[in-house]
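Student: I have a structure to go through. Can we take it piece by piece?

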Amino acid sequence: MAHEYLNDTTSPSAAATPRKLKVATVSLAGCFGCHMSFLDIDERLLPLLELVEFDRSPLTDIKHCGPCDIGLIEGGVCNAENVHVLREFRANCKVLIALGACAVNGGLPAQRNHLALADILQMVYRTGHGLAEGSSIPDDPELPLPLNQVHPVHEVVKIDYFLPGCPPSGDAIWAFLTQLIEGKAPSLGHGLLHYD
Amino acid sequence: MNDSFLLDGEDIPFTPGQTVMQAAAAAGKYIPHLCWHPDFAAHGSCKLCTVKIGGRFATSCTVRAAAGQEVENRTDELDAKRRTLLQLLFVEGNHFCPSCEKSGDCALQATAYEMGMLTPHFDHFYPDRPVDASHPDVLLEFNRCILCELCVRASREVDGKNVFALAGRGTRSHLVVNSDSGRLADTDFTASDRAAAVCPVGVILKKRLGFTVPIGARTYDLNPISAMGANAGQQADSRANAAHEKEVG
């Protein structure tokens, strides 16, 4: 399944100079490690910027995702805000990619999934060691509500492609994106496909 | 008639009594598998080694080789089914490779790489399986168990100890330890047992060895599991043992 419409050349202006693809990126319940790894493509960022421009991303500080060709999701879904952001990306991105272990299977944050959320909050804010006197569970209305379990992104919205790794290497991200931009179905061989 | 069969169009010799898997392994050909091990009787439970013989599905570890068989192995159809089986295994347990010290030496992971598995696809079970760290030399990390019974077979048949067993049925099947307390420390299990070195995933882990060989220099970091031929799945065993002997002396 190659997304050939990414390289749509039927519009008159596209024939002269191909339109730059719009790319949005976000980190949900992630550590930004996948974004750091994305920056590890190093000087290849320059040729990439000939082909793409960034919409919402930590690189631009744009707060909401507009219509995009490619959306990269780092991290799983651990709270209500993550769900809203993920749905906004799905609604706006032609191709949505789960980037890294946490987006693919929940990753490290999902290791709380066999524990009851209430018990975790009690332990962390009320009964754990080294807490200040009168410490209580944060209840500021601006804080997004945590979900009972952390979910991989494909359990919440349709995901088109998966790029596992903790994080996926810069080389893997580069190979994946360039194949996708060329209109091919991305494939990673031995050495680039890692779950760790 | 020649004693040979066709595996993906290639002539494979066999001796009477050998299974398709045994003959393929002897010829250095890789048929994906997890519960099969050359030192133990066939188990036939993981179904990864399913091939098509004369157009019919069969587990190659249990079917005897026969002259003139036409066996399909690495076809897109069969690899897609293997990928689905692997995805089911991944969501049934808690397989978090980044925090697993078996990563890079794990047959489950390496087989999933080989099948091009990019996502577990299904909804995760996230089961609650506490670890057993009671034994001084060996950790049991039940979250990663794939129920291959290699440890059960090794402990029973080689070590003569019967330390492990499977209990429960269906999705409740799980590995148990044969002691009144259920703890490994209360058995006569030792780190030099065959059962301590046979786990294809990261359940039975010798303590204090976790990162003796760094990530990136491990068995399946260097070569894909399909390039291991007859030794697929065992290289990691022997490497862990060598590291253990070096460490412990």
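Predicted model: local features only at pLDDT ≥ 70, side-chain atom pairs only at ≥ 80, totals over all residues.

Student: Start with chain A. In what order do the elements of chain A run from the N terminus on?

Tutor: Chain A holds seven helices and seven strands. Its C-alpha atoms fill a box of roughly 65 × 40 × 30 Å along the principal axes. From the N terminus on, the order is α-β-α-α-β-β-β-α-β-α-α-β-β-α.

Student: What share of the contacts in chain A with a separation of 6 or more is between residues 24 or more positions apart?

Tutor: Begin with burial: of the 196 residues of chain A, 45% count as buried. Then take the contacts in chain A with a separation of 6 or more. Residues 24 or more positions apart account for 77%.

Student: Now the two chains together. How much area do chain B and chain A bury between them?

Tutor: The size of an interface is often given as the accessible area lost when the parts come together. Here 28 residues of chain B are in contact with 22 residues of chain A. Carbon and sulfur atoms hold 61% of the buried area, and the total is about 2,000 Å².

Student: Which residues of chain B lose the most area to chain A?

Tutor: Three residues together give 35% of what the chain B side buries. They are B:Y113, B:L118 and B:Y126.

Student: Which helices of chain B each supply at least two residues of the side that touches chain A?

Tutor: The residues of that side divide into 16 nonpolar, nine polar and three charged. At least two residues each come from α3 (107–114) and α5 (219–222) of chain B.

Student: How many residue pairs are in polar contact across the interface of chain B and chain A?

Tutor: Salt bridges first: the count between chain B and chain A is zero. For polar contact, both residues must be at pLDDT 80 or more. The rule then finds nine residue pairs.

Student: Why does B:H124 count as buried?

Tutor: B:H124 is found in the loop between α3 and β6 (138–140) of chain B. Leaving out residues up to four places away in sequence, it touches A:V104, A:N105, A:P152, A:H154, A:E155 and B:V91. Buried means under 20% relative accessible area. B:H124 counts as buried because its relative accessibility is 12%.

Student: How far apart are the closest N and O atoms of B:R194 and B:D39?

Tutor: Between domain 1 and domain 2 of chain B the count is two salt bridges. B:R194 forms a salt bridge with B:D39. The closest N and O atoms are 2.8 Å apart.

Student: Last, helix α4 of chain B. Which strands do its buried residues pack against?

Tutor: Helix α4 covers residues 150–157, and six of its eight residues are buried. Those are B:L150, B:C151, B:V152, B:R153, B:A154 and B:S155. They pack against β7 (164–167), β8 (174–177) and β9 (204–206) of chain B.

Key: Residues numbered from 1 in each chain as written. Chains lettered and ligands numbered in written order. Heavy atoms only, no water. Contact = heavy atoms within 4.5 Å. Buried area = accessible area lost by both parts, 1.4 Å probe. Salt bridge = Lys/Arg side-chain N within 4 Å of Asp/Glu carboxyl O. Polar contact = N/O pair within 3.5 Å; in protein donor to acceptor, adjacent residues only side chain to side chain. Helix = DSSP H or I, 4+ residues; strand = E, 2+ residues; numbered from the N terminus. Nonpolar A, V, L, I, M, F, W, Y, C, P; charged D, E, K, R; others polar. Buried < 20%, exposed > 50% of the residue type's maximum accessible area, 1.4 Å probe, protein only.
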